Amino acid sequence: MPKVGMEPIRRASLIKATIAEIGLAGSLEVTVSRIAKRAGMSSALAHHYFGSKEALFLAAMRDVLRLYGAEVRGALAAAEGAEGRARAVIRASFSPANFRREVIAAWLNFYVLAQSQPQARRLLRVYQRRMVSNLRHALRPALGDRAGVVSQGIAAMIDGVYLHAALGPLAADPTAAAALVEDYLTRELECRA
């Protein structure tokens, strides 16, 4: 059996430390030195693996998105029917894992970074397109041609309600946040006739 090298272990540790430090600071105003110290290594090693703080943050966001994607895929696998699949995407978006302090801070800073950093913007577009695609695929049997427009509306509501919930009183109850988006889906499905 091949021996696993230290690089993947150290990279994972740095990514986890990055998310934790951003959660503590609430912003990207953390140093690579602080991140590396939390991960139990030198800042030189962190720079060796990632090259810059921005690259390290993007790797951390890819990890957050990877975990989110796994939740969505798991929810979709357990869902039945078009409506069930759309509701699965909505509920996965408001899972308790997405409402941890450090994940909220990472998302908020990711949106800000995407305004000025091309790689972050590209990663945000990939996330948004994938969400709309999952919703459109789920809703096409029930809504036909309207599936695209409704999917874009649901995706926009998911992001908007997530931000509202993460920054407000709904953060304590992500289920209530998901219910707001599911109400929109219910109304759109009732209009399908």
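**Salt bridges up close**

View 1. D63 and R66 make a salt bridge (a side-chain nitrogen of Lys or Arg within 4 Å of a carboxyl oxygen of Asp or Glu), with 2.6 Å between the closest N and O atoms. Both sit in helix α4 (residues 53–78), three residues apart, or about one turn of the helix. Helices here are DSSP runs (H or I, at least four residues), numbered from the N terminus. D63 counts as buried at 18% relative accessibility, while R66 is partly exposed at 48%. The cut-offs for relative accessible area are under 20% for buried and over 50% for exposed, with partly exposed in between (1.4 Å probe, protein chains only).

This is a predicted model, where local features need pLDDT of at least 70 and side-chain atom pairs count only at pLDDT 80 or more, while totals for chains, interfaces and linings use all residues. Residues are numbered from 1 along each chain as its sequence is written, and side-chain values use heavy atoms, leaving out hydrogens and water.

**View 2. R34 reaches E21 from another helix.** The salt bridge between these two side chains has an N to O distance of 2.7 Å. R34 belongs to helix α2 (residues 32–39) and E21 to helix α1 (residues 6–25), so this pair links distant parts of the chain, 13 residues apart. E21 is buried at 6% relative accessible area, but R34 is partly exposed at 36%.

View 3. Because R91 lies in helix α5 (residues 81–93) and E182 in helix α9 (residues 174–190), the pair ties together parts 91 residues apart in sequence. E182 is buried, with a relative accessible area of 10%. Salt bridges link E83, R87, R91 and E182 in a network.

How values were computed:
Helix = DSSP H or I, 4+ residues; strand = E, 2+ residues; numbered from the N terminus.
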